[in-house]
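Here are some notes to read with the model open beside you. Take the points in order and find each residue as it comes up.

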Amino acid sequence: MLRLAIQKSGRLSEDSLKLIRECGISFITSSLKLKTESTNFPLEILYLRDDDIPGYVADGVADIGIVGENVLVEEGMQHLAVEQLGFSKCRLSLAVPKGDPYEDISDLQGKNIATSYPKLLQAYLDEKGVQANIHTISGSVEIAPSIGLAEAICDIVSSGSTLISNGLREVERVFKSQAVLIANGGLNAEKQEILNKLLFRIHAVQRAQK
Ligand code: PRT
Ligand code: ZN
């Protein structure tokens, strides 16, 4: 039996379940349950917070998982990545109040930037040779400039409408992300065999969608 960790409820949940179902794997879901077993494939599904998924897979509590690359890389767990899945596409971007002058990244030198992704942001600033003060906050990043906490933010963007409704302008793309399948590096032969079967089916689903 292979254990798969997916997000319990959020932007990854629906498409993660859809992919598993498209692989012909049946299971019964209930919003109250934290785990479920497939009725026709040796797979058990655990429902977790997305941020916890890389750690659980690294520790072997789950064998495989589905998570956003943004979370995976922020947590320094990119070595667990097996395969990009093509959904939950988004980007991590820097944004400033729309009326503020901005020409290039050097304008952020010495500024305060609020984000939930300090490592990805730091790596980008280092690459550009810019020193800024990163304020790590866990949510509502978009309001940081309007409450005087920071001059800029670095947050996940997909349509861009959240930035616009908060009077912000996207100025730099820091990281491109999508959902990724991850796996523990030390799977036994039996589990590896099940994972290979699952990957075979995922590839068939992906080919059919092209
Ligand atoms: O509760 P849990 O911790 O499991 O979930 P979460 O709230 O941390 O994550 P969730 O469900 O919001 O996002 C899960 C993953 O989906 C993220 O890690 C990304 O990989 C991916 N994803 C794709 C997104 C978005 N699109 C997205 N638009 N994650 C967040 N957003 C947010 C963003 O933070 C901002 O507030 O949506 C807003 C921007 O959206 P637009 O469309 O207005 O630009
Ligand atoms: Zn989360």
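1. **Contacts across the chain.** Start with who touches whom. Among contacts in the chain with a separation of 6 or more, 67% are between residues 24 or more positions apart. Contact here means heavy atoms within 4.5 Å.

2. **What you are looking at.** This is a predicted model, where local features need pLDDT of at least 70, side-chain atom pairs count only at pLDDT 80 or more, and totals for chains, interfaces and linings use all residues. Residues are numbered from 1 along each chain as its sequence is written, chains are lettered from A and ligands numbered from 1 in the order in which they are written, and side-chain values use heavy atoms, with hydrogens and water left out.

3. **Overall build.** The chain has six helices and eleven strands. Both are DSSP runs numbered from the N terminus: helices are H or I with at least four residues, strands are E with at least two. The C-alpha trace spans about 60 × 35 × 30 Å along its principal axes. Of the 210 residues in the chain, 46% are buried. Buried means under 20% relative accessible area, exposed means over 50%, and partly exposed lies in between (1.4 Å probe, protein chains only).

4. **The zinc site.** Look at the zinc ion (ligand 2). Asp50 (OD) and Asp51 (OD) coordinate this ion at 2.0 Å. Donors are N, O and S atoms within 2.8 Å of the metal (3.2 Å for Na, K and Ca); water is not among the atoms, so sites may look incomplete. Is Asp50 buried or exposed? Asp50 is buried, at 16% relative accessible area. Asp51 is partly exposed, at 34%.

5. The four donor atoms around the zinc ion (ligand 2) make angles of 75 to 173°, and the site is irregular. Here are the rules. Four donors are tetrahedral if all angles lie between 85 and 135 degrees; four are square planar and six octahedral if opposite donors are over 155 degrees apart and all others between 65 and 115; anything else is irregular. For reference, ideal angles are 109.5 degrees for four tetrahedral donors, and 90 or 180 degrees for six octahedral ones.

6. **Salt bridges.** How many salt bridges does the structure hold? There are seven. A salt bridge needs a side-chain nitrogen of Lys or Arg within 4 Å of a carboxyl oxygen of Asp or Glu. One of them joins Arg3 and Glu44, at 2.7 Å from N to O. This pair links distant parts of the chain: Arg3 is in strand S1 (residues 2-7) and Glu44 in strand S3 (residues 43-48), 41 residues apart.

7. Glu44 is buried, at 10% relative accessible area. Arg3 is partly exposed at 27%, and Lys35 is partly exposed at 41%.

8. **Back to Asp51.** The side chains of Asp51 and Arg49 meet at 3.4 Å, N to O. Arg49 is exposed, with a relative accessible area of 59%.

9. **A buried charge.** Find Glu83 in strand S5 (residues 81-84). Glu83 is buried but has no salt bridge. Which side chain of opposite charge is nearest to Glu83? That is Lys210, 8.5 Å away. In this count Lys and Arg are positive, Asp and Glu negative, and His and the chain ends are left out.

10. **Neighbours of Glu83.** The side chain of Glu83 does make a polar contact, at 2.8 Å, with the side chain of His203. A polar contact is a pair of N or O atoms within 3.5 Å; within protein, one must be able to donate a hydrogen and the other to accept it, and residues adjacent in sequence count only if both atoms are side-chain atoms. Beyond four places in sequence, the contacts of Glu83 include Ala179, Val180 and Leu181. His203 is in helix H6 (residues 189-209) and is partly exposed, at 30%.

11. **Two positive phi angles.** Ser88 is not a glycine, yet its phi is positive, about 50°. Ser88 is in the loop between S5 and strand S6 (90-97). Ser140 also has a positive phi, near 50°. Ser140 lies in the loop between strand S8 (133-136) and strand S9 (152-157). Ser88 is partly exposed at 22%, while Ser140 is exposed at 51%.
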